[in-house]
Amino acid sequence: MLDFPRWKIGSIIGLLAALCLLAIPSFLPESTTSQWGRIPHPHINLGLDLAGGSYLLLEADTADLAATRIEAMRDSVAGTMRNGTPRIEIGDISTRGGQLTFLLRDPSQVDAARERLLAITGGGAGMSGQREWDINVVDTSRFVLKPTQAGLTQAVDTAMKDATEVVRRRIDALGTKEPTIVRQGATRIVVQVPGLKNPQALKELIGKTAKLEFKLVDETANPADLVKGIAPIGSQVLPYPGNPRGVPFIAVKRSVIISGDQLADARQEFESQTNAPQVAITFDAVGGRRFAKVTTENTNKPFAIILDNSVISAPNINEPILGGRASISGNFTVESANALAISLRSGKLPVNLKTIAESTVSPDLGKDSIRAGVLASIVAALLVIVFMFVTYGRFGLYANLAVVINILVIVAVMAMLNATLTLPGIAGFVLTIGTAVDANVLINERIREERRRGRSVVQSVELGYKEASRTIFEANVTHAITGVIMLLLGSGPVKGFAVVLLIGICTSVFTAVTFTRMMVALWLRKNRPTTINI
């Protein structure tokens with residue numbers, strides 16, 4: 001039990017020395033460590049409550065999502081009836097009142113139409129198995145499709161999962177460290193970005209749906225009707241703030257000729273002649289072929305580039321655009337063009353997100369928290385050190401050395417794992433200092449007990465470590481189980497506390513048991529004492 005070969009001693013000391021060295025950069029300013037070049041200098045990331053930053057609470061616009069589903073079903077129904085065999089003629093399609101209605105021109109095709117509708121309206125929603133759409137026939141030839149609540153609930157759940165990932169990709173593209181993006185309830189997302197000093201830019205970046213569409217311009221529209229919001233059949237009126245004709249509206253065909261879903265890349269660049277910022281987009285293989293085909297078939301016609309249901313520009317197709325590349329120009333700045341490129345690269349939001357709460361945490365508050373946390377840690381460490389030394393003498397000194405090394409090792413491990421230290425994390429840090437000596441208290445009390453039974457010094461120390469190890473292991477396993485549950489189910493501050501707690505459990509067991517046992521064994525081997533003061 002007390003036998004430590006040289007390779008083992010060297011490994012333990014080398015490992016702990018390396019970790020202690022890796023903890024040093026976290027206590028120095030980044031401006032200093034950034035000059036170290038290739039020398040490793042991992043830093044602990046500070047959470048929102050310590051470093052300051054931005055907090056947003058986003059909520060999904062479920063009404064808009066429901067309307068979007070009905071519009072998408074409208075296109076799907078029209079395509080299915082038109083392209084199937086035999087062709088089914090329909091008319092008088094309406095999406096008013098939260099439902100989709102259309103008229104069947106040949107009532108004898110009701111059964112065939114129903115079969116096709118059952119195929120495109122999906123199966124059961126979730127575990128309930130309820131249909132996503134109710135299909136009814138009124139007046140012998142008019143179909144009414146109404147979304148069910150189960151279908152809408154499933155659509156919202158799917159959209160929120162996708163939206164959370166889109167928000168995460170957009171924030172990651174900013175290069176921020178350890179942002180927190182978690183879903184809250186059924187329709188909300190919490191976003192915390194430590195260190196970000198421009199919350200308005202964050203809100204604009206996240207809030208942009210980035211729904212990019214290309215549609216043909218309807219040149220038959222009457223400008224006077226556009227102002228009234230009236231468009232020809234099959235077209236729609238969209239805002240066009242930069243319309244060179246002066247009317248801030250434009251009529252476009254409802255059918256989408258190509259969408260942002262077929263983008264392969266989007267980057268900010270400068271226009272070659274005017275040097276104005278613009279966004280260059282590249283379509284994937286399918287999108288590129290479709291874009292080439294559409295521009296070939298519609299040469300000398302204008303088409304509209306639409307972002308989030310607002311027309312950015314409506315250039316004329318002078319010649320077929322081949323190669324799958326295009327550019328979006330407008331009144332962009334470098335920052336806004338780069339933000340749009342990030343939004344397009346990360347994909348469009350499947351649902352509109354509204355900011356319902358926002359706040360900015362000042363770095364000064366974080367400094368006060370850090371100062372208070374450091375003070376609490378120092379006071380706690382000093383009290384523990386004094387108590388252990390007074391109570392256990394030399395063995396207490398070994399335990400105190402283990403506590404100091406344990407603190408440095410926790411810092412190093414957190415820095416290497418790129419973990420984030422939050423205010424509750426500091427509480428976990430202070431708690432770890434107190435519990436780190438628990439193992440040594442158990443070991444030392446066990447050694448005392450063996451001495452009172454008349455065993456020799458070596459036998460007492462050996463049995464003390466051996467018998468106490470099982471209790472130490474079981475006690476820390478229960479702590480670890482609690483920490484793992486908090487890590488898996490918690491978020492934000494709770495997760496930060498769990499991270500520090502779990503790292504502290506692992507490092508404290510190693511330093512309090514293995515490291516102190518090695519120190520005691522070396523002392524016994526060198527001095528061979530016949531009695532000990534413990």
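1. Let's start with Cys 506: at 57% relative accessibility it counts as exposed. Here exposed means over 50% relative accessible area, buried means under 20%, and partly exposed is what falls in between, using a 1.4 Å probe and protein chains only. Cys 20, on the other hand, is buried, with a relative accessible area of 18%. Before going on, note that this is a predicted model, where local features need pLDDT of at least 70 and side-chain atom pairs count only at pLDDT 80 or more, while totals for chains, interfaces and linings use all residues. Residues are numbered from 1 along each chain as its sequence is written, and side-chain values use heavy atoms, with hydrogens and water left out.

2. A disulfide is a pair of cysteine sulfur atoms within 2.5 Å. By that rule the count comes to 0 disulfides.

3. Now for the nonpolar cores. A nonpolar core is a set of buried Ala, Val, Leu, Ile, Met, Phe, Trp, Tyr and Cys residues joined through side-chain atoms within 4.5 Å. The largest one has 54 residues, and Phe 395, Met 414, Ile 447 and Val 461 touch the most other members. Several helices supply at least two residues each, including α1 (6–23), α11 (363–392), α15 (457–489) and α16 (493–527). Helices are DSSP runs of H or I with at least four residues, strands are runs of E with at least two, and both are numbered from the N terminus. Which helix gives the largest share of this core? That is α12, with 14 residues.

4. Take a look at Phe 395 on its own. Leaving out residues up to four places away in sequence, Phe 395 touches Asn 444, Ile 447, Val 461, Val 520, Trp 523, Ile 532 and Ile 534. Contact here means heavy atoms within 4.5 Å.

5. On to the rings. A pair of aromatic rings is described by the distance of the centres and the angle of the planes. Rings of Phe, Tyr and Trp (its six-membered ring) pair if their centres lie within 6.5 Å; planes under 30 degrees apart count as stacked, over 60 as edge-to-face and the rest as tilted. The structure holds 8 aromatic pairs. One of them is Phe 214 with Phe 283, edge-to-face at 5.8 Å centre to centre and 65° between the planes. This pair links distant parts of the chain, with Phe 214 in strand β11 (residues 212–216) and Phe 283 in strand β16, 69 residues apart. Both Phe 214 and Phe 283 are buried.

6. Phe 291 and Phe 303 make another edge-to-face pair, 6.3 Å centre to centre with 75° between the planes. Phe 291 sits in helix α9 (residues 285–297) and Phe 303 in strand β17, 12 residues apart. Phe 291 is buried at a relative accessible area of 2%, and Phe 303 is buried at 5%. Ring pairs link Phe 214, Phe 283, Phe 291 and Phe 303 into a cluster.

7. Strand β17 (residues 303–307) and strand β18 (residues 310–313) pair in the antiparallel sense over 3 bridges; strands pair if DSSP finds at least two bridges between them. Which residue in β18 is the bridge partner of Ile 305? It is Ser 313. The two strands form a hairpin with 2 residues between them, and Asp 308 in the turn has a positive phi of about 55°.

8. Gln 278 is in strand β16 (residues 277–283) and counts as buried at 7% relative accessibility. Beyond its neighbours within four places in sequence, its contacts include Arg 267, Phe 270, Ser 327 and Phe 332. Gln 236, in strand β12 (residues 235–239), also counts as buried, at 18% relative accessibility. Among the residues that Gln 236 touches, not counting those up to four places away, are Lys 215, Ile 250 and Val 252.
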